[in-house]
Amino acid sequence: MTTLKNKVAYITGGSKGIGFGVAQKLIAEGMKVAISGRTLKTVQKAAEYLGDETNVLALASDVTDPEDEEKAVERILDQWEQLDVVLANAGVGNFAPIDEMSNTQWHQMIDTNLNGVFHTLKASVSALKKSKGYYMTLASLAGTNFFAQGAGYNATKFGVVGFTQAAMLDLRKYDIKVSTIMPGSVATHFNNNEPSEKDAWKIQPEDIGELVLDLLKMHPRTLPSKIEVRPSRPDKK
């Protein structure tokens, strides 16, 4: 997929943070990008910054609802008649000792972080078969490194990594490429953070965008199926 102009991408959780940063980079390369989130007004506001109706589509979709994701993909196909790249980026994090974590906190992460990536792939896989496209998930270094108060988040991100790697084996016979990206600390609004100069040491959303572009431009014979990415100098925090 070395020629990206007019290719079509779908990014869940694309109204801010990593999803927004990736969308910016893809649009700059001449791609058309659909972004989704749970609140249409928020997504539309983000879309206004990214481009216009020729290259950006704002969608309301809750990844915990498989029908929402099916409708989102249908809208994309109605608009642009193809789908080449899907980034399952939507995610939440609740952090507490396991004996204090509520059922609601646990299930919110399972439904969004784990069920969501399945719903997004299930809704888009037929289109990706036609385009011989690329499916990516946004996991985390928490998908391989466990930590205190992270049992729920670890469970989902370990699950995303395992899910994506198995999906890669299932789908490569259709010439669909599948990768999971596992960032460390990123300067986003995640976990109620407000990005500022204090986050300069962290990975920036646009850095993940550059990584996605690198994957899309890589020769089809080569597949980085699991990519860990971390800040170069965490000692500067």
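I began with Ser 36, which has its place in strand β2. A reminder to myself: this is a predicted model.

**Entry 1, Ser 36.** Is Ser 36 buried or exposed? I looked up its relative accessibility and found 1%, so Ser 36 counts as buried. Next I asked which residues Ser 36 is in contact with, leaving aside its neighbours within four places in sequence. My list runs through Tyr 10, Ile 11, Thr 12, Gly 13, Gly 14 and Ser 15, then Val 43, and finally Leu 59 and Ser 61.

**Entry 2, the sheet.** I find seven strands in an open sheet, with parallel pairing and the order β3-β2-β1-β4-β5-β6-β7. Which strands stand at the edges? They are β3 (56-60) and β7 (226-229); each has a single partner strand, so one side of each is left without a neighbour in the sheet. I also noted the twist, which averages 15° from one strand to the next.

Strand β1, residues 8-12, pairs with strand β4, residues 85-88, in the parallel sense, and I have three bridges for the pair. Ala 9 is the residue I see opposite Val 85 of β4.

Which strands does helix α2 lie across? Helix α2 (residues 40-50) lies across β2 (32-37) and β3, and I read about 170° for its angle to β3. I looked up helix α5 (residues 151-171) as well: it lies across β5 (134-138), β6 (177-183) and β7. Its angle to β6 is about 160°.

I have the crossing of α1 past α2 down as right-handed. On the α1 side the contact is made by Phe 20, Ala 23, Gln 24 and Ile 27; on the α2 side, by Ala 46, Tyr 49 and Leu 50.

Lys 25 forms one with Glu 210, with the closest N and O atoms 2.9 Å apart. This pair links distant parts of the chain, since Lys 25 is in helix α1 (residues 17-28) and Glu 210 in helix α6 (residues 205-217), 185 residues apart. I checked accessibility too: Lys 25 is partly exposed at 24% relative accessible area, and Glu 210 is partly exposed at 36%.

Lys 217 and Glu 29 also meet through their side chains in a salt bridge, 3.2 Å from N to O. What does this pair tie together? Lys 217 lies in helix α6 and Glu 29 in the loop between α1 and β2, so the pair ties together parts that are 188 residues apart in sequence. Lys 217 is partly exposed, with a relative accessible area of 38%, and Glu 29 is partly exposed, with 32%.

My last stop was Asp 199. Asp 199 forms a salt bridge with Lys 198, and here I read 3.8 Å between the closest N and O atoms. Asp 199 is buried, with a relative accessible area of 3%. Through shared partners, salt bridges join Lys 198, Asp 199 and Lys 202 into one network.

Note on methods. Residues are numbered from 1 along each chain as its sequence is written. This is a predicted model: local features need pLDDT of at least 70, side-chain atom pairs count only at pLDDT 80 or more; totals for chains, interfaces and linings use all residues. Side-chain values use heavy atoms; hydrogens and water are left out. Two strands pair if DSSP finds at least two bridges between them. Helices (H or I, at least four residues) and strands (E, at least two) are DSSP runs, numbered from the N terminus. Axes are lines fitted to C-alpha atoms, for helices over the stretch in contact, and angles run from 0 to 180 degrees between N-to-C directions. Contact means heavy atoms within 4.5 Å. A salt bridge is a side-chain nitrogen of Lys or Arg within 4 Å of a carboxyl oxygen of Asp or Glu. Buried means under 20% relative accessible area, exposed over 50%, partly exposed in between (1.4 Å probe, protein chains only). A crossing is left-handed if the near helix is turned anticlockwise from the far one by less than a right angle, and right-handed if clockwise.
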